[in-house]
Amino acid sequence: EETGAETGPERRSLARGTVRPKAELVRFVVAPGGRIVPDVAGKLPGRGLWLTPGRDILALAVTKRLFARAARQPVIVDDDLAERVEALLAERCRDQIGFARRAGQAVMGFAKVEAALARGKAAVLLAAADGAADGRGKLRTLAPELPLVEQLTAAELGAAFGREHVVHAALAPGRIARALVA
C-alpha cells in the first residue's frame, strides 16, 4: 500500500467514500450563487468536493444530492455538468500535451513513436480515439506496460501539436507525462 508521502495529498470521494490521491479525483466547488462548478485545475477558492472520475459517479452524486450534503447548503447542479467536466478535462489534457511538445518531451507520428519506444524514451502513448484500431493495437503490442491515452480525437491531438491531425504520439518520462496520466 502506498503512503500519502509517495502519492501526495489524498481526498475522499463523495460518491464512493474511497480515499485516493487528489490527482486521481475531480474537484468541484460551490460558487457564490450556490452553483456547483468543476475545478479540474484545483485552483478555485473554496472547500473542495471530490469525486472519482466517471459519468456514472457524477450522476450518482447528483441523484443522491451528495454535493448539497457535503457542502451543507442547497446547491444548483446544471444539466450539462458532465459535458462541461469532460470538456475541461480534455482541454487540460491538450494543454499538458502542448507543454510536453514545447519542452521537447513529445513526438508524433507512428514511426517517431516507434523509435522513441525502441530507445526507451516514452512514458505515455497517445492514440486518437477516431484513429484506426489496428494502429492502437500496434502501439499496445510494442509497449503493453505503458499507459495509453485514447480519449482525444485526431483533431484535438493535432491542436496540441499545432497540426491539423495527429493520430499517434508519445510523451517522454517526467512530470508532464505523470500529470497527463493523472
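**Close-up 1. Arginine 72 in the loop between helix 3 and helix 4 of the predicted model**. With a relative accessible area of 71%, arginine 72 is exposed, and its place in the chain is the loop that lies between helix 3 and helix 4 (81-102). Its phi is positive, at about 60°, although arginine 72 is not a glycine. Most residues other than glycine have a negative phi.

**Close-up 2. Arginine 65 in the loop between helix 2 and helix 3**. Arginine 65 is found between helix 2 (55-63) and helix 3 (66-71), and, although it is a residue other than glycine, its phi takes a positive value near 55°. Arginine 65 counts as exposed because its relative accessibility is 57%, which is over the 50% cut-off.

**Close-up 3. Side chains of strand 7**. In a regular strand the side chains alternate between the two faces of the sheet. Within strand 7 (residues 124-127), Val124 and Leu126 point one way, whereas Leu125 and Ala127 point the other way, and all of these residues are buried.

**Close-up 4. Strand 7 and its pairing with strand 9 and strand 8**. Strand 9 (residues 168-171) runs antiparallel to strand 7 and is joined to it by 4 bridges, with alanine 170 of strand 9 as the bridge partner of leucine 125. Strand 8 (residues 148-149), by contrast, pairs with strand 7 in the parallel sense over 2 bridges, and here valine 149 of strand 8 is the bridge partner of leucine 126. From strand 7 the chain passes through helix 6 (residues 133-142) to reach strand 8, in a β-α-β crossover that is right-handed.

Key:
Residues numbered from 1 in each chain as written. Predicted model: local features only at pLDDT ≥ 70, side-chain atom pairs only at ≥ 80, totals over all residues. Heavy atoms only, no water. Buried < 20%, exposed > 50% of the residue type's maximum accessible area, 1.4 Å probe, protein only. Pairing = 2+ DSSP bridges. Right-handed = clockwise from strand over helix to strand, strands pointing away.
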